[in-house]
Amino acid sequence: MHLSSLISLLGAATLAACQTTNGTVTGKMGDARQVKNNPVGEVWVATFNGSQGVKGTVTAVGATIGVNYTVDVTGLPTEKGPFSFHVHLKAVPESGSCADTGTHLDSFVRGTDPPCASASPQTCEVGDLSGKYGKVAGPTALKVFNDAYSALDKIMLGYIGDRAIVFHDASSARIACATLRKVAK
């Protein structure tokens, strides 16, 4: 057997081994685990300043389990929705280019296919917030939720600090982005 065939077979076996009994795909490293050691009350904010049409904030506050998020933005287009939003691996660069924020935060190597099943958020990419808690419509969005799998401790796999929050339109185009920055403890 050729090495490439063996690698392909092992990859398929790994993917098959990463499925739960209900058929929901999990990551190659298993399901995300709840984060229970976040600094409670620590606040991180991504501020959208309107340069891409979107104004407002996404606030992340450390909780006993996971992170409490508040999405409060205006200026989303009235068409091209609903809008998904994710934590991306990289901060927004000085150029402001959302294209340079990297991929979704995917600590357990799950990927986006098939789409996240909101009934099983532990099986989703850690950064797929809208997949777990619902997309938003324009022009304004206010959404509050707790994500048990987000971390504010750098040593945790689901660490969100100094990473970008990115809004995508229905075609997956990146329409707005801002970096989560620590503001208080």
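User: Let us begin with one residue. Which residues is Tyr69 in contact with, leaving aside its neighbours within four places in sequence?

Analyst: This is a predicted model. Leaving aside neighbours within four places in sequence, Tyr69 is in contact with Val58, Thr59, Ala60, Val87, Leu129, Lys143, Val144, Phe145, Asp147, Ser150 and Ile160. Keep Phe145 in mind from that list.

User: How do I read a core, and which residues have the most contacts inside the largest one?

Analyst: The general idea first. In soluble globular proteins, nonpolar side chains tend to be buried together. Now this case. The largest nonpolar core has 33 residues. Those with the most contacts inside it are Phe48, Tyr69, Leu76, Ile160, Ile165 and Phe167.

User: Next, aromatic rings. What describes a pair?

Analyst: A pair of aromatic rings is described by the distance of the centres and the angle of the planes. In this model the count comes to six aromatic pairs. Tyr69 and Phe145 form one that is stacked, at 5.2 Å centre to centre with 20° between the planes. This pair links distant parts of the chain. Tyr69 is in strand 3 (residues 67-74), Phe145 is in strand 5 (residues 140-147), and they are 76 residues apart. Both Tyr69 and Phe145 are buried.

User: Why is the pair of Tyr133 and Phe145 stacked?

Analyst: Check the angle. Planes under 30 degrees apart count as stacked. The planes of Tyr133 and Phe145 stand at 20°, with centres 4.6 Å apart, so the pair is stacked. This pair also links distant parts of the chain: Tyr133 in helix 2 and Phe145 in strand 5, 12 residues apart.

User: Are Tyr133 and Phe145 buried or partly exposed?

Analyst: Use the cut-off: buried means under 20% relative accessible area. Phe145 counts as buried because its relative accessibility is 9%. Tyr133 has 21%, so Tyr133 counts as partly exposed. Ring pairs also link Phe48, Tyr69, Phe85, Tyr133, Phe145 and Phe167 into a cluster.

User: Stay with helix 2. What does Ser130 touch?

Analyst: Ser130 lies in helix 2 (residues 129-133). Not counting residues up to four places away in sequence, Ser130 touches Ser84, Phe85, His86 and Lys135. With a relative accessible area of 4%, Ser130 is buried.

User: Now the surface. Which residues form a nonpolar patch there?

Analyst: Met29, Val109 and Leu157 do, with about 250 Å² of accessible area together. Val109 sits in the loop between strand 4 (84-88) and helix 2. Its relative accessibility is 41%, so Val109 counts as partly exposed.

User: Last topic, the backbone. Where is the peptide bond cis, with omega near 0°?

Analyst: From Gly81 to Pro82. Pro82 is in the loop between strand 3 and strand 4. Gly138 and Pro139 are also joined by a cis peptide bond, with omega about 0°. Pro139 lies in the loop between helix 2 and strand 5.

User: What is phi of Lys80 near?

Analyst: Near 75°, a positive value in a residue other than glycine. Lys80 lies in the loop between strand 3 and strand 4. Lys80 is exposed, with a relative accessible area of 56%. Asp162 also has a positive phi, near 60°. Asp162 is in the loop between strand 5 and strand 6. At 34% relative accessibility, Asp162 counts as partly exposed.

Notes. Residues are numbered from 1 along each chain as its sequence is written. This is a predicted model: local features need pLDDT of at least 70, side-chain atom pairs count only at pLDDT 80 or more; totals for chains, interfaces and linings use all residues. Side-chain values use heavy atoms; hydrogens and water are left out. Helices (H or I, at least four residues) and strands (E, at least two) are DSSP runs, numbered from the N terminus. Buried means under 20% relative accessible area, exposed over 50%, partly exposed in between (1.4 Å probe, protein chains only). Contact means heavy atoms within 4.5 Å. Rings of Phe, Tyr and Trp (its six-membered ring) pair if their centres lie within 6.5 Å; planes under 30 degrees apart count as stacked, over 60 as edge-to-face and the rest as tilted. Patches are made of residues with over 30% relative accessible area and no salt bridge: like charges are joined within 9 Å, nonpolar side chains (Val, Leu, Ile, Met, Phe, Trp, Tyr) within 5 Å. Accessible areas come from the Shrake-Rupley method with a 1.4 Å probe; for residues, only the protein chains shown count as cover. A salt bridge is a side-chain nitrogen of Lys or Arg within 4 Å of a carboxyl oxygen of Asp or Glu. A nonpolar core is a set of buried Ala, Val, Leu, Ile, Met, Phe, Trp, Tyr and Cys residues joined through side-chain atoms within 4.5 Å.
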